[in-house]
Amino acid sequence: MIPAQFDYVAPSTLEEALSLLAEHADDAKILAGGHSLIPAMKLRLAQPALLVDIGRVKDLSYIRVDGGSIRIGATTTHHEIEASASLRDACPLLSECAASIGDVQVRNRGTIGGSLAHADPAADWPAAILALRAELVAVSRQGERVIAADDFFVEMLTTALRPDEVLREIRINAPQGRTGQSYKKFPHPASGFAVVGVAATLTLGGDGKCQSAGVAVTGVAAKPYRAAQVESALAGSALDEQTAAAAAAHAAGGVDANGDIYASADYRRHLAQVYTRRAIAAAAGRIK
Amino acid sequence: MKIEGTHELRAPRERVWQALVDPAVLQRCIPGCERLEQTGDNAYAATMRAGVGAIKGVFNGNVKLEEMRAPTHYRIVVDGRGQPGFLKGAGELDLEEREGSTVVRYAGDVQVGGTLASVGQRMIQGAAKLMAAQFFTALEAEAQVEQGDPPPSHGFFRTALRAISGLLRRIFKRH
């Protein structure tokens, strides 16, 4: 199908984009890479009256790595993140997550900011963002605010972004010292979306035991979540096979799992445990 | 697709029943319901602007309330059609009084068809649960209003805040 009729505008500055959003309120929708929005528009499941294309806005697409401090512009494509050598050195979870998204065409056009703002329950970025305790910078005409990843995902397809806000930057403090990271995903064979996706980042303390862990799951529930019980089970542990398995058992604890014709809720809960165990094992194996 | 759940509303059962069968209240509580017009005995025509996030659509349909046994039970039959697809469903609602609150149990069967079903299948159950939660949160606010007072307002964020505080209440009650 083709989309319903819409108006299109491509501002060159963020201020212009914000004014348009404020002026047209419910009728306007931000367009970044378009790889979540345009398929929905083609099916007429989304029918915004005005598309505000921020793809040409200057200075929204960048990767800045300064020691452990990483800042990624919202319109940076998945491919740019996947291909960045400095990111791979500083925080390999980001490269691995980017590489697993969709296919080459999607990675060339889709953006990290667009993916996060759309908040598909099976998207890959949310798991990495939550595991890394990232911060998201939202800007509106009233100014800027920083939203913690834990507060960003409110419900299915719903984020803490207000209708007049645009996501501008993603900030990550890369784990330092002896760390290991991994993203393990069970992709849907047709769509490539995560039936289950688990991001894990582990840091060892001076005693050789796990000092801190970030484990987040996508695809299982209506929104991505940090598996807090898994994280506390890992803290202070030796990160061997037994601990990983015991911790992973909590992966879907207390979570209302999605069910659909491809995978039932019970199967997703089971997959969450399996993939959490694999992600922890892989991350632990990469610690140098 | 089966949807079922239980919601505890902090209001006496009589008030919850009155709210559940009052079309003016239902119109305010059903997410995105812009119009609920009586077409017959316990039968209504409705227009709903429903959706989650970027996915939105307008549905037109009919709602019928059957097997009404005040204040404990009724059956609701819905059928709607819109650009994104169509849906047909029936559900049973049972109300139980518990220490001044009302426990509402609902169990229903919903068929969704059209584009929404084929493409959005993986999100339908989640969306249904979300809308049920929004509905019962709004209903609780309505049932708590004293007779004669103005009805509460139900913006998306207000409803979300009520739902979150309800969730926190339930979590802390267990401890």
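Two strands pair if DSSP finds at least two bridges between them. Strands (E, at least two residues) and helices (H or I, at least four) are DSSP runs, numbered from the N terminus. All views show a predicted model, in which local features need pLDDT of at least 70, side-chain atom pairs count only at pLDDT 80 or more, and totals for chains, interfaces and linings use all residues. Residues are numbered from 1 along each chain as its sequence is written, while chains are lettered from A and ligands numbered from 1 in the order in which they are written.

**View 1**
Val9(A) stands opposite Val52(A) in S3(A). Strand S3 (residues 50-53) of chain A runs parallel to S1(A), and three bridges join the two. The open sheet has three strands in the order S1-S3-S2 (chain A), with parallel pairing. Strand S1 (7-9) and strand S2 (28-31) of chain A are the edge strands, each pairing on one side only. On average, neighbouring strands of this sheet are turned by 25° against each other, direction ignored. Helix H1 (residues 14-24) of chain A packs on the sheet and touches S1, S2 and S3 of chain A; the direction of H1 makes about 165° with that of S3(A). For such angles, axes are lines fitted to C-alpha atoms, for helices over the stretch in contact, and values run from 0 to 180 degrees between N-to-C directions. Residues are in contact if their C-beta atoms, placed from the backbone, lie within 7 Å.

**View 2. Domains 1 and 2 of chain A.**
Chain A is assigned domain 1 (7-53), domain 2 (63-173) and domain 3 (179-285), with bounds from an automatic or database domain assignment. Between domain 1 and domain 2 of chain A, the C-alpha centres lie 19 Å apart. In the contact, 14 residues of domain 1 of chain A meet 18 residues of domain 2 of chain A. On the domain 1 side, H1(A) gives the most, with six residues. That side divides into eight nonpolar, five polar and one charged residues. Here Ala, Val, Leu, Ile, Met, Phe, Trp, Tyr, Cys and Pro count as nonpolar, Asp, Glu, Lys and Arg as charged, and the others, Gly among them, as polar.

**View 3. Surroundings of Arg109(A).**
Arg109(A) belongs to helix H6 (residues 104-109) of chain A. Leaving out residues up to four places away in sequence, Arg109(A) touches Gly33(A), Gly34(A), His35(A) and Thr77(A). Arg109(A) is partly exposed because 18 other C-beta atoms lie within 10 Å; a residue is buried with 20 or more such atoms within 10 Å, exposed with 12 or fewer, and partly exposed in between, the C-beta atoms being placed from the backbone.

**View 4. The antiparallel sheet of chain A.**
Four strands form an open sheet in the order S11-S12-S13-S14 (chain A), and the pairing is antiparallel. At the edges are strand S11 (179-187) and strand S14 (225-226) of chain A, each pairing on one side only. Nine bridges join S11(A) to strand S12 (residues 194-204) of chain A. Ser182(A) stands opposite Ala200(A) in S12(A). Helix H5 (residues 92-99) of chain A lies across S11 and S12 of chain A, at about 15° to S11(A). Helix H12 (residues 265-285) of chain A also packs on the sheet, touching S11, S12 and strand S13 (210-218) of chain A, and its direction makes about 35° with that of S12(A).

**View 5. Helices H11 and H12 of chain A.**
Helix H11 (residues 241-248) of chain A packs against H12(A) at an angle of about 145°, with the axes 8 Å apart. From H11(A), Ala244(A), Ala245(A), Ala247(A) and Ala248(A) meet residues of H12(A) including Gln273(A), Arg277(A) and Ala281(A). By class, this contact has seven nonpolar, two polar and one charged residues.

**View 6. Leu239(A), a residue with positive phi.**
Leu239(A) is not a glycine, yet has a positive phi of about 60°. This residue sits in the loop between helix H10 (228-234) and H11 of chain A. Leu239(A) counts as buried because it has 22 C-beta neighbours inside 10 Å.

**View 7. The contact of chain B with chain A.**
Chain B gives 20 residues to the contact and chain A gives 21 residues. On the chain B side, the largest share, 11 residues, comes from H3(B).

Notes: Contact = placed C-beta atoms within 7 Å.
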